[in-house]
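Please read the following note beside the sequence and the model. Its points are numbered so that each may be checked in turn.

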Amino acid sequence: MPANFRAELVGCFGQPVAENPTGAMQEAAFQALGLNWRYLTVEVPAEQLRDAITGVRAFGMRGVNLTIPHKVAVLEHLDHIAPEAAIIGAVNTVRREGDCLIGENTDGKGFLRGLRQDAKVEPKGKHFVVLGAGGAARAIVTELALAGASDVLVVNRSIARGEEMVADLASKTKAPIRFQPWPSVYSVADDVDVLVNATSIGLYPDVDSMPAIDIRKARPGMLVCDAVFNPPETSLIRAAREHGLPVLDGLSMLVYQGVIGFELWTGQGAPEIVMKAALRRALGVG
Ligand code: NDP
């Protein structure tokens with residue numbers, strides 16, 4: 001066989017992007033499977049996104065991840081948008097099919113895979129409460145709705161933002177999604193199966209912050225999930241554990257969005273254990 005010195009390229013565009021750990025887990029996965037692929041973490045300012053996507057086409061890149069501030073702006077530069085990403089209105093993963101660039105959103109799908117694989121919870125028929133109405137909440141609520149959740153209650157501080165998101169997603173998915181403004185303390189009812197923090201409360205450096213909720217009435221066995229992954233052991237996760245409730249941390253969602261990205265790009269099953277270990281090493285958690 002003739003030598004092949006040409007690597008397949010994927011990567012991540014964002015600003016800031018230097019602390020994004022996805023490259024560490026993707027590179028570990030490529031090495032584990034002996035793939036000559038490279039993941040480039042590239043700082044791309046908002047006004048350079050168009051040229052960067054032209055670069056993706058010119059370099060024949062197999063795909064890219066998008067992070068702040070490109071997840072919405074990238075839509076107009078792509079050839080097709082996957083139905084779920086169109087509902088969410090944001091793309092975090094681009095994949096190539098022939099000459100076409102297709103926009104996907106793997107954030108909510110990553111959350112869902114973690115829910116099923118790590119927490120062993122099937123969302124169909126379950127009652128969810130999602131705190132937050134930003135990008136992460138949008139992706140999670142969309143996938144929960146499409147997966148057949150029987151009730152998704154969104155609780156958000158900004159009433160206008162919460163109402164707008166819920167009206168939009170309820171009309172697009174035809175699923176039972178409701179909104180409630182966040183009172184001074186939100187008391188979790190005893191019919192809730194899964195509580196998800198999709199706000200940025202608890203994110204580094206604000207690590208002692210905790211969503212204003214009361215879980216004393218929560219049913220035994222209610223799963224408490226956090227999208228915040230830095231640190232993975234948030235005040236919310238710790239409080240839930242102390243209350244004897246099962247938990248799912250933000251690393252789960254992060255690793256599975258990468259796993260799904262790997263599968264979309266390479267067409268191969270991802271070495272999940274390798275990716276989880278690489279991510280934990282990259283973030284310095286045991
Ligand atoms: P956004 O900025 O889009 O949304 C932030 C949300 O948090 C809003 O709903 C906002 O409410 C709410 N919020 C922030 N501060 C407070 C507060 N003090 N009290 C009440 N509500 C508050 O952020 P994203 O949705 O993009 O990200 C949210 C979190 O999810 C981040 O920590 C991010 O790192 C994490 N994330 C994790 C991923 C993973 O793979 N694990 C993937 C993507 C995101 P309001 O509307 O009232 O301002």
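1. Cys-12 is buried, with a relative accessible area of 1%. Cys-225 is likewise buried, at 0%. Here "buried" stands for a relative accessible area under 20%, "exposed" for over 50%, and "partly exposed" for what lies in between, with a 1.4 Å probe and only protein chains considered. How many disulfides does the structure hold? The number is 0, where a disulfide is counted when a pair of cysteine sulfur atoms lies within 2.5 Å. As a reminder, a disulfide is a covalent bond between the sulfur atoms of two cysteines.

2. The model is predicted, so local features need a pLDDT of at least 70 and side-chain atom pairs count only at pLDDT 80 or more, while totals for chains, interfaces and linings use all residues. Residues are numbered from 1 along each chain as its sequence is written, and side-chain values use heavy atoms, with hydrogens and water left out.

3. The protein contains 9 helices and 14 strands. These elements are DSSP runs numbered from the N terminus: helices are H or I runs of at least four residues, and strands are E runs of at least two. For the 286 residues, a compact globule would have a radius of gyration near 19 Å, and the protein agrees with this at 19 Å. The radius is taken over C-alpha atoms, and the globule rule is 2.2 Å times the number of residues to the power 0.38. Along the principal axes, the C-alpha atoms fill a box of roughly 65 × 40 × 35 Å.

4. Of the 286 residues, 51% count as buried. The protein exposes about 13000 Å², and carbon and sulfur atoms supply 54% of that area; the areas come from the Shrake-Rupley method with a 1.4 Å probe, and for residues only the protein chains shown count as cover. Among contacts with a separation of 6 or more, 71% are made by residues 24 or more positions apart. A contact means heavy atoms within 4.5 Å.

5. Attention may now turn to an open sheet of 6 strands, which has the order 9-8-7-11-13-14 and parallel pairing. Its edge strands are strand 9 (177–181) and strand 14 (247–248), each of which pairs on one side only. Two strands are said to pair if DSSP finds at least two bridges between them. Strand 8 (residues 151–156) runs parallel to strand 9 and is joined to it by 5 bridges. Leu-153 stands opposite Arg-178 of strand 9.

6. Which of its residues are buried on each side? Leu-223 and Cys-225 are buried on one side, and Val-224 and Asp-226 on the other, leaving both faces covered. With strand 11 (residues 194–197), strand 13 pairs in the parallel sense over 4 bridges, and Asp-226 is the bridge partner of Asn-197.

7. Strand 13, helix 7 (residues 235–242) and strand 14 make a right-handed β-α-β unit. Right-handed means that, with the strands pointing away from the viewer, the path from the first strand over the helix to the second runs clockwise.

8. The loop between strand 13 and helix 7 includes Ala-227, which is buried with a relative accessible area of 16%. Ala-227 touches Asn-197, Ala-198, Gly-250 and Met-253, when residues up to four places away in sequence are not counted. Ala-227 and Leu-251 are 24 residues apart in sequence and 7.8 Å apart in space, C-alpha to C-alpha. Pro-231 also lies in the loop between strand 13 and helix 7; a cis peptide bond joins Asn-230 to Pro-231, with omega about 5°.

9. Another cis peptide bond runs from Ile-68 to Pro-69, with omega near 5°. Pro-69 is placed in the loop between strand 3 (63–66) and strand 4 (80–81).

10. Finally, two lysines call for a check of the backbone. Lys-120, in the loop between helix 4 (107–117) and strand 7 (127–131), has a positive phi near 55° although it is a residue other than glycine. Lys-120 is exposed, with a relative accessible area of 66%. Lys-174 has a positive phi of about 60° and is not a glycine. Lys-174 is located in the loop between helix 6 (159–173) and strand 9, and is exposed at 70% relative accessible area.
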